[in-house]
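Welcome, and please open the model in your viewer.

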Amino acid sequence: MKSGIDERLRIQRATEANIEDILSFEARNQQWFAQFLPQKVLEKQNKQYFQTQISDTRNTLQYLIYHRHNNVIGRFCVQLLDRRAKSVEISYRIGQSFTKQGIARYVLRRLLVLFSCYGVQTVYAYVGDGNEASIRLLLSCGFSHTATDTHSIKLPTGIQDKLSFKWENSAVLL
């Protein structure tokens, strides 16, 4: 773990009061994210989109990563897949100038502990086969590669989310 990382970051659940911070983060990193996300996804992410996402707390939660200077430098989205099976899917974005610093690993490990406390049994994530950083991140946090989808959408950059990863809660509660 990078030294002092916990002193530089603040993780908080997003509320409607954070929408301008999210929009600013997305705008600052739009070119970077365009390498990994379809343009249609990026275009629909406006104020209304985030208001809907944030207000739907029964199915979706957003967690923001703030740098010590109060700038959003990343975000994690948690989407409920199956309430009975207690399974969720995560997706995440880290601003380009904050990659390769252990931030995503630091946040994901803490979120997995939080999920465990709420009884989540399974967490899924999907990444592009060329996204070596995300693959290393997921494996280092206890995820295992479960499937490769040969029919996934291929972006103009050549990247496609075709690798499925799964984390299972192995905590035994007494």
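## A pocket and a buried arginine

This is a predicted model. Begin with the lining of the second largest pocket, whose residues divide into nine nonpolar, five polar and five charged. The volume of this pocket is about 400 Å³. To find the middle, select Leu61, Leu80, Val88, Tyr118 and Val120, which are the closest to the pocket centre of the 19 residues that line it.

Next, colour the elements around the pocket. Strand 2 (60-67), strand 3 (72-82) and helix 6 (103-117) each supply at least two residues of the lining. Which of the elements gives the largest share of the lining? Strand 3 does, with four residues.

Stay on strand 3 and select arginine 75, which lies in this strand. Is arginine 75 buried or exposed? Arginine 75 counts as buried because its relative accessible area is 6%, under the 20% cut-off.

- Glutamate 26: its side chain is joined to that of arginine 75 by a polar contact of 2.7 Å.
- Glutamine 62: here too a polar contact of 2.7 Å links the side chain to that of arginine 75.

Technical notes: Residues are numbered from 1 along each chain as its sequence is written. This is a predicted model: local features need pLDDT of at least 70, side-chain atom pairs count only at pLDDT 80 or more; totals for chains, interfaces and linings use all residues. Side-chain values use heavy atoms; hydrogens and water are left out. On a 1 Å grid over the protein atoms alone, a cavity is a set of points where a 1.4 Å probe fits but cannot get out, and a pocket is an open set with protein on both sides within 12 Å along at least five of seven lines; lining residues have an atom within 4 Å of a point. Grid points are joined across faces, edges and corners, and a volume is the space filled by probe spheres set on the points. Ala, Val, Leu, Ile, Met, Phe, Trp, Tyr, Cys and Pro count as nonpolar, Asp, Glu, Lys and Arg as charged, and the others, Gly among them, as polar. Buried means under 20% relative accessible area, exposed over 50%, partly exposed in between (1.4 Å probe, protein chains only). A polar contact is a pair of N or O atoms within 3.5 Å; within protein, one must be able to donate a hydrogen and the other to accept it, and residues adjacent in sequence count only if both atoms are side-chain atoms.
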